[in-house]
Amino acid sequence: MTRLRIGIALLFVLALWPVAVRAQAVSPDVWAAMNDVNAVLQVSPTGPQWAEFLRLEELKQQMARGEHADPAIIAGVLARFAGAGGTAERPEFVKMRQALEQWLAGEVRVDREQLAAAIAAAQEAFVPPTESDRQAARAAVQDAADRFDAWLQPSDPNAAGWRSYLMWDAFRQQIAEPQPDLAALRQVYERLSSGNSGLELVWFHDLRETLRRYLTISEAASDPNIRESYRQVLAALPERLSAYESSRSAADAAAVSALLDWLVTLNQASWIVRSVRQPYEYPNLYVEVSDNLIAAGMVEAVDDVRPVRDCILGTSIFGNGHTTGLIDVELTPSPMVAQINTVFRGTLNTNTVGYNGPARIYSTGTTSLVTYKPIYIDAERIWSGPATTGARTRTNIHNIQADRLPFIVERIAWRRAREQKPQAERIAEQHAQDQVSQRADEQAVEELEEANRNYQEEFRRPLLERGLFPSALGFSSSSDMLYAIGLQGRPVELAAATQAPPAMPGADLAIRVHESAVNNSVARVLGGMVLDEVRARDEAERLLGEVPESLQPQEGEQPWSILLAEQSPISVEFDNNQFSVTLRGRRYTRGGDNYPGMNVTAVYQLYRTEQGPRAVREGELQIYPPGFTPGSGRRLSVRQQVLRDLIQRRFQKVFPAEIIPDPVELPEEWKSAGPLNLVQWKTAEGWLVMSWQRAPASPITTVSMPVYQPQ
């Protein structure tokens, strides 16, 4: 009987086991929210009707399926909780709604074939912005304003001008009010969005974006058509996504991102946003550097003479030490950070006299040394670990003297020296290890501080100030390569849909960048901004020390300024060993004249030559108004024709007929390694791949590239 009971219990457990395992995949918050809703409905006389309306039985079945739950059914249940009349704001219903949103966004997989059904189900899941949403958005604006105040110190010569331009005192008073004047805030937002130079910096950008979100939420709360706008956004999403999947164009990607941004701003359908972006979340930036290139600037010969002062087994030792050897570089496989080891291999030769009582011991020694000093690199900093040294010492005693003492004393001294020699050598080894490791640590401090300072000031900080630092950046290393892998894009922007194609084997430096990394970065910095030719020349001269040929003023030509489009102001496309660059201008200004918007596109074909790869422009620049389709029968106006001719003349330098890459000159310590020659330049499926080798390097290129035949 006991065995029968155990057997039945075991069968019962096994029968429930798959359900229990699957249920564990559901967030505990969902179960807790479900329990709270059930507790409310159990004491309500209309509880069964509410349970049926809320589709709780269907929800329980989906919860049992865990991450394999049907997202359309869950979204349908969520819509019921969002539209439960006046009870929608009951704490239990709000908790259930939030738990379902988090479950959908974080755990439930929405495959591409399920997306259309999930979007359709989400049509009824709109949750109107609440007062708490609005106040949270207002608090975010206040935080951004505080950061702006902390950055723009009164001592800054531009501080008074910016505060006046942004009507700062009045703005701070308004945003401190629980119900600020939206018209006054809108005026500040328009000034933040004017495109003036400087507004691309992160402090202005954060203030602009948080203010935009607050205005959008506040205006949506009083918009009687906001629910219909939500449905229209969702309805447009599949069409825009399909267009992008067909074209892979930057404009279509920007259109998808704009729809996702609308949803994120109003805290709607986060699971739809996640599902749309999920196939486009591959890293879109790869940089590889060979150990040979790293070593080229770090290998150093050592030839150092220092006094020797030591005490071993009661013997005080004085003399000189001569250290010779080579500091080399080795990479260590490391998946989480890049690890570079500086490795010193050398020899310490000593010539010393030891004093122990009346005896003087004359000896020479040879110590073989190997010192490892690990250097680590991640997205935050460059730092090092403690040096470690291995040493092996061999000594030769050449003479022992004891003045004015019997000969027997010298004999005793010789015997003791021979007996203690192995132990003395071990102690000498340990002392050498400690001293050399300490010296390596001390010498590395200043160099590493400078390297980290350069990384912070020349790379990380400038990118952070402009919002260009990758949203994800990782460093790693293998035994022969250092890798940096980045994802460039905001949470609403699309990144790469595929892994990057491989770089050329044996390259010393390789860069693989997806068009989305370029387009997302440019949109962040230049969207809606004014490009001023004079200011661009000044900035180029400040950064490069000279003005590039493409920016040189033309005799008799007045300088240009361009008000760029807010979406995809400048974009690139990479495919089929071609690349194109498109500039989208909303307005052009030349001298005192204003001209209408024009888009300018240059298409380049990549070729291989005996001298290396080059890019040749395909035909003339394509210059058309926004929305214009060549061959559609529509004709340009006279004013548009005039502007087109003017742009054609000016942009011939910006987009030259041929681009022949110069060898990359290495900086400072790396100059002796010689320049880097471009040996691979190709584009495919949205990716640009460029590889360089140290000179002399043969101009090997991708065999699929056509051979250049000059016309």
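The questions and answers below walk through one predicted protein model.

The model is predicted, so local features need pLDDT of at least 70, side-chain atom pairs count only at pLDDT 80 or more, and totals for chains, interfaces and linings use all residues. Residues are numbered from 1 along each chain as its sequence is written, and side-chain values use heavy atoms, with hydrogens and water left out.

Student: How many helices and strands does the protein chain have?

Tutor: Helices (H or I, at least four residues) and strands (E, at least two) are DSSP runs, numbered from the N terminus. By that rule the protein chain comes to 20 helices and 20 strands.

Student: What share of the residues in the protein chain is buried?

Tutor: Buried means under 20% relative accessible area, exposed means over 50%, and partly exposed is in between (1.4 Å probe, protein chains only). The chain has 711 residues, and the buried share is 45%.

Student: Are helix 12 and helix 14 roughly parallel or roughly perpendicular?

Tutor: Axes are lines fitted to C-alpha atoms, for helices over the stretch in contact, and angles run from 0 to 180 degrees between N-to-C directions. The axes of helix 12 (residues 202–221) and helix 14 (residues 250–265) come within 10 Å and cross at roughly 70°. Angles under 35 degrees count as roughly parallel, over 145 as roughly antiparallel, 65 to 115 as roughly perpendicular and the rest as oblique. The two helices are therefore roughly perpendicular.

Student: Which residues in helix 14 meet helix 12?

Tutor: Contact means heavy atoms within 4.5 Å. Helix 12 brings Arg 212, Arg 213, Thr 216 and Ile 217, and in helix 14 they meet Asp 261, Val 264 and Thr 265.

Student: How many charged residues does that contact of helix 12 with helix 14 have?

Tutor: Ala, Val, Leu, Ile, Met, Phe, Trp, Tyr, Cys and Pro count as nonpolar, Asp, Glu, Lys and Arg as charged, and the others, Gly among them, as polar. The contact has two nonpolar and two polar residues, and its charged residues number three.

Student: Why does the pair of Asp 261 and Arg 490 tie together separate parts of the sequence?

Tutor: The closest N and O atoms of this salt bridge are 3.8 Å apart. Asp 261 lies in helix 14 and Arg 490 in the loop between strand 9 (481–487) and strand 10 (509–514), so the parts they join are 229 residues apart in sequence.

Student: Which residues are linked with Glu 209 in a network of salt bridges?

Tutor: The whole structure holds 26 salt bridges. In this network, Glu 209 is linked with Arg 212, Asp 261, Arg 490 and Glu 493.

Student: How many residues apart are Glu 124 and Arg 231?

Tutor: They form a salt bridge, with the closest N and O atoms 3.1 Å apart. Glu 124 is in the loop between helix 7 (112–122) and helix 8 (131–151), and Arg 231 is in helix 13 (residues 226–247); the separation is 107 residues.

Student: Where is Asn 576 found?

Tutor: Phi of Asn 576 is near 50°, a positive value in a residue other than glycine. Asn 576 counts as exposed because its relative accessibility is 58%. Its place is the loop between strand 13 (570–575) and strand 14 (578–590).

Student: Which residues does Gln 433 touch, not counting residues up to four places away in sequence?

Tutor: Gln 433 is in helix 17 (residues 407–465). It is buried, with a relative accessible area of 18%. With that sequence limit, Gln 433 touches Thr 389, Gly 390 and Ala 391.

Note on methods. A salt bridge is a side-chain nitrogen of Lys or Arg within 4 Å of a carboxyl oxygen of Asp or Glu.
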